[in-house]
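Please open the model in a viewer and keep the selection panel at hand.

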Amino acid sequence: MKAAILFESLTGHTRVAGELIAANLQQQGWGITGVSPVRHPEMLSIQDADVVIVGTWVHGLFVVGQAPWGLGAIAGLPALRGKLAATYCTFALNPAKTLDKLDAAVSRLGADVIGGLALHRSKLPAHAEEFASRLVANVPVAASRQ
Ligand SMILES: Cc1cc2nc3c(=O)[nH]c(=O)nc-3n(C[C@H](O)[C@H](O)[C@H](O)COP(=O)(O)O)c2cc1C
């Protein structure tokens, strides 16, 4: 399987998470077509990928109003029809329904979103490994449904 990773990041955690996810997927035998910012996506990396992974960070008032940052930029990504997608967000305290909102935004691009994970910013290596393992386990099942 080949994956493209697209991230939206202000202070770097979500970018680092994307790089860690890429490294973990490669260790499990996947190819990575690119790791690029949502606002400057590598178009070829998206085109060449079977799975597109979209990550952003949680913005809110920490206990209320949490939402994925950059939904406008995510809505401006190219169409993902025919592709599987997975999502992640990084957070400090509580992601609330951020992933559901991110999944809905990525679904609107036409992708078949198979799920996502919220990664605590202080546990990125462990949570990125968890994300990659779950993805590798779930993609063959999802791909067989397509
Ligand atoms: C303005 C602002 C609002 C934030 N709101 C929340 C929040 O509501 N809940 C939460 O868990 N983290 C919140 N965070 C923390 C970020 O989601 C977290 O630090 C994230 O990893 C940042 O990603 P980045 O380094 O890629 O920009 C907020 C951060 C900022 C700067």
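For the residue classes used below, Ala, Val, Leu, Ile, Met, Phe, Trp, Tyr, Cys and Pro count as nonpolar, Asp, Glu, Lys and Arg as charged, and the others, Gly among them, as polar. This is a predicted model, in which local features need pLDDT of at least 70 and side-chain atom pairs count only at pLDDT 80 or more, while totals for chains, interfaces and linings use all residues. Residues are numbered from 1 along each chain as its sequence is written, and side-chain values use heavy atoms, with hydrogens and water left out.

**First stop: the largest pocket**

Select Trp57, Val58, Phe91, Ala92 and Arg121. Of the 18 lining residues of the largest pocket, these five are the closest to its centre. A pocket is an open set of points on a 1 Å grid over the protein atoms alone, where a 1.4 Å probe fits, with protein on both sides within 12 Å along at least five of seven lines; lining residues have an atom within 4 Å of a point. The volume of the largest pocket is about 320 Å³, where a volume is the space filled by probe spheres set on the points, which are joined across faces, edges and corners.

Next, colour helix H1 (13–27), strand E3 (51–59) and strand E5 (84–91), the elements that give two or more residues each to this lining. Helices (H or I, at least four residues) and strands (E, at least two) are DSSP runs, numbered from the N terminus. E3 provides the largest share, three residues. By class, the lining comprises seven nonpolar, ten polar and one charged residues.

**Second stop: the ligand**

Among the 19 residues around the ligand, Ser9, Leu10, Thr11, Thr14 and Val58 come nearest; a residue is counted here if one of its heavy atoms lies within 4 Å of the ligand. E3 again gives the most to this shell, with three residues.

Which distance separates a backbone N or O atom of Val58 from an oxygen atom of the ligand? It is 2.6 Å. Polar backbone atoms of His13 and of Leu93 each lie 2.8 Å from an oxygen atom of the ligand. The protein covers 85% of the 640 Å² of accessible area that the ligand has on its own, by the Shrake-Rupley method with a 1.4 Å probe.

Finally, select strand E6 (112–120) and helix H5 (124–145), each of which supplies at least two lining residues of the second largest pocket. H5 contributes the largest share, seven residues. This pocket holds about 170 Å³ of space.

Definitions and conventions
A polar contact is a pair of N or O atoms within 3.5 Å; within protein, one must be able to donate a hydrogen and the other to accept it, and residues adjacent in sequence count only if both atoms are side-chain atoms.
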